Amino acid sequence: VAASPSVMPRFSRGERGLTWRKNGFVDDIETIRAELLSAAVEDLTGVYEAWWTANTLRPHLAVSARLALAEAALASLLADGLVVLRRGSWTRQVDVAERDVDRVLREYSTWTTDDEADRVFFEATPSGRLAYGLPE
């Protein structure tokens with residue numbers, strides 16, 4: 001069964017940045033971005049927590065729409081150089097190469113938790129800390 005176009009998330013650039021539109025309702029990605037950047041300046045944050053944030057802030061949306069919203073918000077923070085991705089455990093990580101970021105964001109395992117597998121995290125860059133209003 002094909003998905004109805006009205007149910008599929010669509011992204012567009014508006015005067016305030018990337019927004020999500022569904023049935024004429026505009027859900028501003030900036031809200032999710034702000035929450036994610038706040039978490040990223042505090043400490044290392046699991047990418048799955050971006051999805052949890054979207055789930056918490058937009059529980060009325062379809063699960064797939066919440067995941068798309070989280071992915072778009074995190075991707076925009078990455079594109080703006082405000083956060084970086086890291087892979088590993090809570091105690092040891094390595095940076096995800098820039099050329100691999102898109103692929104890593106498309107992997108289902110990036111968005112879930114599994115105690116047996118490496119996790120993907122994000123953390124604020126010095127630019128991200130400045131954008132949030134903190135010293136580098």
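Modeller: Read along the sequence, the elements follow the order β-β-β-α-β-α-α-β-β-α-β-α, giving five helices and seven strands. Helices (H or I, at least four residues) and strands (E, at least two) are DSSP runs, numbered from the N terminus. This is a predicted model, in which local features need pLDDT of at least 70 and side-chain atom pairs count only at pLDDT 80 or more, while totals for chains, interfaces and linings use all residues. Residues are numbered from 1 along each chain as its sequence is written, and side-chain values use heavy atoms, with hydrogens and water left out.

Biologist: Is R119 buried or exposed?

Modeller: Buried means under 20% relative accessible area, exposed over 50%, and partly exposed in between (1.4 Å probe, protein chains only). R119, found in strand β7 (residues 119–124), is buried at 14%. In the protein, buried residues make up 40% of the 136 residues.

Biologist: Which residues does R119 touch?

Modeller: Contact means heavy atoms within 4.5 Å. Leaving aside residues up to four places away in sequence, R119 touches Y48, R86, R87, G88, W90, T113 and D114. A polar contact is a pair of N or O atoms within 3.5 Å; within protein, one must be able to donate a hydrogen and the other to accept it, and residues adjacent in sequence count only if both atoms are side-chain atoms. The side chains of R119 and Y48 are joined by one of 3.4 Å.

Biologist: Which residues of α1 meet α3?

Modeller: I29, I32, R33, L36 and L37 in α1 meet residues of α3 including L69, A70 and L77.
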